[in-house]
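Please keep the structure in view while reading.

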Amino acid sequence: MSERFGGYQNEIYLQGYQGATPLLSTDTTKLEAAARDMLEPGPFWYAAGAAGTGATARANREAFDRWRIVPRMLTEATERDLATTVLGTRMPAPLLLAPVGVQSIMHPEAERATARAAAGLGLPIVLSTASSSTIEEVAAAGGEGPRWFQLYWPHDPDVCASILSRAKQAGYSTLVVTLDTWTLAWRPCDLDRAYLPFLRGEGVAVPFSDPAFRALLDRTPEEDPPAAILRWISLVTGADRSWDALPFLREHWDGPIVLKGIQHVDDARRAVDAGMDGIVVSNHGGRQVDGAIAALEVLPEIAGAVGDRIEVLFDSGVRSGADLLKALALGARAVLLGRPYVYGLALGGEDGVRHVLRSVLADFDLTMGLSGHRSLAELGGASLRRS
């Protein structure tokens, strides 16, 4: 049955009786402003910024606002069952921590703190290739917690195979391949400050610790960091691939493979035809194509077309438990949460991440019950109305 995530509400009220208030706001939409007050402009805008004018990021939020939950009464929703299994990963609620790189610019403990917080709640972390901690360090920090690995696909096959092998050996069960970021978009928030954290040696722990990548260098990353950084950037940017490249991944990964960045129903169908196990309907939180369609807008069509043959996950614009409910009702099997937990990391380290996750889960649990839903299976088109 339900883990009763909503009990976090009672915990907060009882602590308030003793004079204590939460570490951070329980309204996750307020965390961005708090992080902006704390962080230097470069790191903050690297996390908060978007492509171009920010139109896609705004569209993501507007899409959620166009859908309204339709509560039902007297449904015996006192107890809720939120648990699910996605691609063999058991989770207490349909929520994963989205792959967000360069977390060292948010907090010194970086992805290690995030992994500890996620593992404590039983939620899967999706580790980015652009991590500030190594694959192995994050696995150790997360202990027995579930973990997936996100790939920014290097052009060098030996380096790619080596990274995938390390992830598999470290217990990452599912591979998430990001398709929409083979080159950086036009991001004025970063360009105006000439801020790219990779050039400062942030977010390169995975390649710098990889034997196949180190073998390509004339001097080690420790001896010549700028040369190593530029070599890595050249390996993961500047060239798009075709669908014919996907068999390489299957050759080097024997677990589930998920394609992230799907925004067109025909691409979803091609993912099925290519033998992929899942997709993430996502526009990278508005960070890649300015003026693109909101991810939530295409979710129902894609889920309706392929959801019976492949796992459909969702991210982009998720800020609350109500958002989580809406995405699930529109066809997602699980949802990836990004920026809110990163702001929690910046503001409170591991405790901040844990607070954000517990807040979103409590909101989701309570919203499920108050809208008359006892289980994830009850969510569907009738749960919502488009306004």
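## Charges over rings

A charge is said to sit over a ring if NZ of Lys or CZ of Arg is within 6 Å of the ring centre and within 35 degrees of the ring normal. The charged end of Arg147 meets this description above the ring of Tyr172, 5.6 Å from the centre of that ring. Lys168 is placed over the face of Trp253, with 4.8 Å to the ring centre.

## Basis of the model

The model is predicted, so local features need pLDDT of at least 70 and side-chain atom pairs count only at pLDDT 80 or more, while totals for chains, interfaces and linings use all residues. Residues are numbered from 1 along each chain as its sequence is written, and side-chain values use heavy atoms, with hydrogens and water left out.

## Aromatic pairs

A pair of aromatic rings is described by the distance of the centres and the angle of the planes. Rings of Phe, Tyr and Trp (its six-membered ring) pair if their centres lie within 6.5 Å; planes under 30 degrees apart count as stacked, over 60 as edge-to-face and the rest as tilted. The structure contains nine aromatic pairs. In one of them, Tyr46 and Phe198 are arranged edge-to-face, with 6.4 Å centre to centre and 80 degrees between the planes. Tyr46 belongs to helix H3 (residues 41–48) and Phe198 to the loop between helix H8 (188–191) and helix H9 (205–208), so this pair ties together parts that are 152 residues apart in sequence. Helices (H or I, at least four residues) and strands (E, at least two) are DSSP runs, numbered from the N terminus.

Tyr46 is buried at 10% relative accessibility, and Phe198 is buried at 16%. Phe64 and Phe314 also form an edge-to-face pair, at 6.0 Å centre to centre and 75 degrees between the planes. Phe64 lies in helix H4 (residues 55–66) and Phe314 in strand S10 (residues 311–314), so the contact ties together parts that are 250 residues apart in sequence. Phe64 is buried, at 0% relative accessibility, and Phe314 is buried with a relative accessible area of 0%.

## Salt bridges

Side chains of opposite charge can pair when their charged atoms come close. A salt bridge is a side-chain nitrogen of Lys or Arg within 4 Å of a carboxyl oxygen of Asp or Glu. The search of the whole structure finds 21 salt bridges. One of these joins Arg4 and Glu79, at 3.3 Å from N to O. Arg4 is in the segment before helix H1 (7–17) and Glu79 in the loop between strand S1 (67–69) and strand S2 (84–86), so the pair ties together parts that are 75 residues apart in sequence. Arg4 is partly exposed at 40%, and Glu79 is partly exposed at 36%.

Arg112 and Glu109 form another salt bridge, at 3.7 Å from N to O. Arg112 is partly exposed, with 22% relative accessibility, and Glu109 is partly exposed, with 29%. Arg214 and Glu222 meet in a salt bridge of 3.0 Å, N to O. Here Arg214 is partly exposed at 30%, whereas Glu222 is exposed at 55%. Salt bridges with shared partners connect Glu109, Arg112, Arg116, Glu350, Asp351 and Arg354 in one network.

## The largest cavity

On a 1 Å grid over the protein atoms alone, a cavity is a set of points where a 1.4 Å probe fits but cannot get out, and a pocket is an open set with protein on both sides within 12 Å along at least five of seven lines; lining residues have an atom within 4 Å of a point. Grid points are joined across faces, edges and corners, and a volume is the space filled by probe spheres set on the points. One cavity of 30 Å³ or more is found in the whole structure. The largest cavity holds about 40 Å³ of space, and its lining includes Ala115, Ile125, Val138 and Arg147.

## The largest pocket

The largest pocket has about 760 Å³ of space. Of its 41 lining residues, Pro99, Gly101, Tyr152, His284 and Arg287 are the closest to its centre. Helix H11 (225–236) is among the elements that supply at least two lining residues, and the largest share, three residues, comes from H11.

Key
Buried < 20%, exposed > 50% of the residue type's maximum accessible area, 1.4 Å probe, protein only.
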